[in-house]
Amino acid sequence: EMVMPQSYRYLDWLKRLGDNWGTFLDAYSKLISGYFAVVCAKLVFHHKHTDFPSNLQFKDKQIAVENNDVNAYFELTVEVFDFQATILRLQKIVFASLDPSKGANAQAVQCRIFPLVPLVEESGALYDMALRLMRKLHSSLPGDTLAGHRDRFRKQFDELKKFYFSAGNLQYLETLVTVPILPENCPNFLSTLAARSSASLKRQSAPLLRKDTDQRFREAFGSPTSMQAFNFGAATTASERELKEKDRLIEQLMREVVDLREKVTNLEGRHLADMELLGSFRMQIAKLEEEMAEYKDIAAQACEENVFLKSQLDGTKTAEEIQSAAEGKMKMLQEKFAKMKQMYASLRNEHVEYLKKNAETNKKLICCKKPSESLRTRVRR
């Protein structure tokens, strides 16, 4: 019973780890983030209700709150619904990550299925709690006041039926836990007699003890050569130092990952800006090439006119005057052509320089992504 209060002090750290894994998009990161959400929800629930057993198995014991206040029962029911919703979200993520075309014998699949064992046990206990609390509330409050509670209970009842049906069809899971059986229809709390006779949670056989579940887990995955009980109270100073060192290393690696992500983002931004600038230069070069082609056509037409004028010399103008005028026009066109050629060469040189800078930026981007991937692999381990 000391596990919950001893673990609660790590709540903020667990939340940060869950949020960090939630930023990744792969299937395993979503699963890990969902596991952390369930663990944190359980720690918060038991921290608020320290007198509740950690397995939520009340058996014949009544669920009691301080001063037997109906408002406290009302709030407790909401907290049970919230806890159950977190579990149902995780089981949806687990089943969404499974490939129906593959069996459940592969170790990669089994490691995803095994967390369903505590989810089945926890959700069954929460269903029993919600059922008792709803009966208690309906015996003390008007039915209209609890309409929202009934709607939420009915929704979770339908989701639990789907969950238990899917879990019951996993042959591998049947060796680890007994899947509960819900009644055919959702209990009608407005009819107290009907609710008491048909709403109770049934099980296929006697519930498996946690010890039996651990034994089956060791049979399925193998037992370590030196397995010791996990006991917070008896932790040695050396193990605490190791834990602190691991925490420090993880935080350091996470900071390095964040720094590398920022560097990669900056390099990608610079890369995009360079690509946009290169595109702008390419458009300008294409436009100048079109203008050069036009000037070439003008120069060719001027040459043709010069030949025509030479052939149409009349008596009023001498051949020297016509030739001087034609040479002046040709000189002007040649100067324009030389200026255009100089502008084209300048833009071409700038384009080459930006291509070189773009190649260097790509190399830096690749170099930064490699350590980021390596750090991400180390964090996962």
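User: Is N358 buried or exposed?
Analyst: Keep in mind that this is a predicted model. In it, N358 is buried, because its relative accessible area is 11% and the cut-off for buried is under 20%.
User: OK, and where is N358?
Analyst: N358 sits in helix 12, which covers residues 319–380.
User: Which residues is N358 in contact with, leaving aside its neighbours within four places in sequence?
Analyst: H271, M275 and L278 are the contacts of N358 once those neighbours are set aside.
User: Switching topic. What about A96, buried or exposed?
Analyst: A96 counts as exposed, because its relative accessibility is 65% and exposed means over 50%. A96 belongs to helix 4, residues 70–97.
User: Now helix 2 and helix 3. At what angle do they pack?
Analyst: Helix 2 (residues 11–22) and helix 3 (residues 27–48) pack at about 155°, and their axes are 8 Å apart. Angles over 145 degrees count as roughly antiparallel, so that is how these two helices run relative to each other. Helix 2 passes helix 3 in a left-handed crossing.
User: Which residues meet there?
Analyst: From helix 2 you have L11, L14, K15, L17, G18, W21 and G22. Helix 3 brings S29, I32, S33, F36, V39, C40, L43 and V44. By class, the contact between helix 2 and helix 3 has ten nonpolar residues, four polar ones and one charged one.
User: And the largest nonpolar core, how many residues does it have?
Analyst: That core has 49 residues, and M129 and F163 have the most contacts inside it. Helix 3, helix 4, helix 5 (107–113), helix 6 (116–138), helix 7 (147–168) and helix 8 (171–174) each give it two or more residues.
User: Which helix gives the largest share?
Analyst: Helix 6, with 13 residues of this core.
User: What does F163 touch, not counting residues up to four places away?
Analyst: F163 touches L88, Q91, F95, L116, L119, V120 and S123.
User: What lies apart from that core?
Analyst: Another core, of nine residues, lies apart from the largest one, and M4, F24, F36 and C40 are among its members. F36 and C40 also turn up on the helix 3 side of the contact with helix 2.

Note on methods. Residues are numbered from 1 along each chain as its sequence is written. This is a predicted model: local features need pLDDT of at least 70, side-chain atom pairs count only at pLDDT 80 or more; totals for chains, interfaces and linings use all residues. Side-chain values use heavy atoms; hydrogens and water are left out. Helices (H or I, at least four residues) and strands (E, at least two) are DSSP runs, numbered from the N terminus. Buried means under 20% relative accessible area, exposed over 50%, partly exposed in between (1.4 Å probe, protein chains only). Axes are lines fitted to C-alpha atoms, for helices over the stretch in contact, and angles run from 0 to 180 degrees between N-to-C directions. Angles under 35 degrees count as roughly parallel, over 145 as roughly antiparallel, 65 to 115 as roughly perpendicular and the rest as oblique. A crossing is left-handed if the near helix is turned anticlockwise from the far one by less than a right angle, and right-handed if clockwise. Contact means heavy atoms within 4.5 Å. Ala, Val, Leu, Ile, Met, Phe, Trp, Tyr, Cys and Pro count as nonpolar, Asp, Glu, Lys and Arg as charged, and the others, Gly among them, as polar. A nonpolar core is a set of buried Ala, Val, Leu, Ile, Met, Phe, Trp, Tyr and Cys residues joined through side-chain atoms within 4.5 Å.
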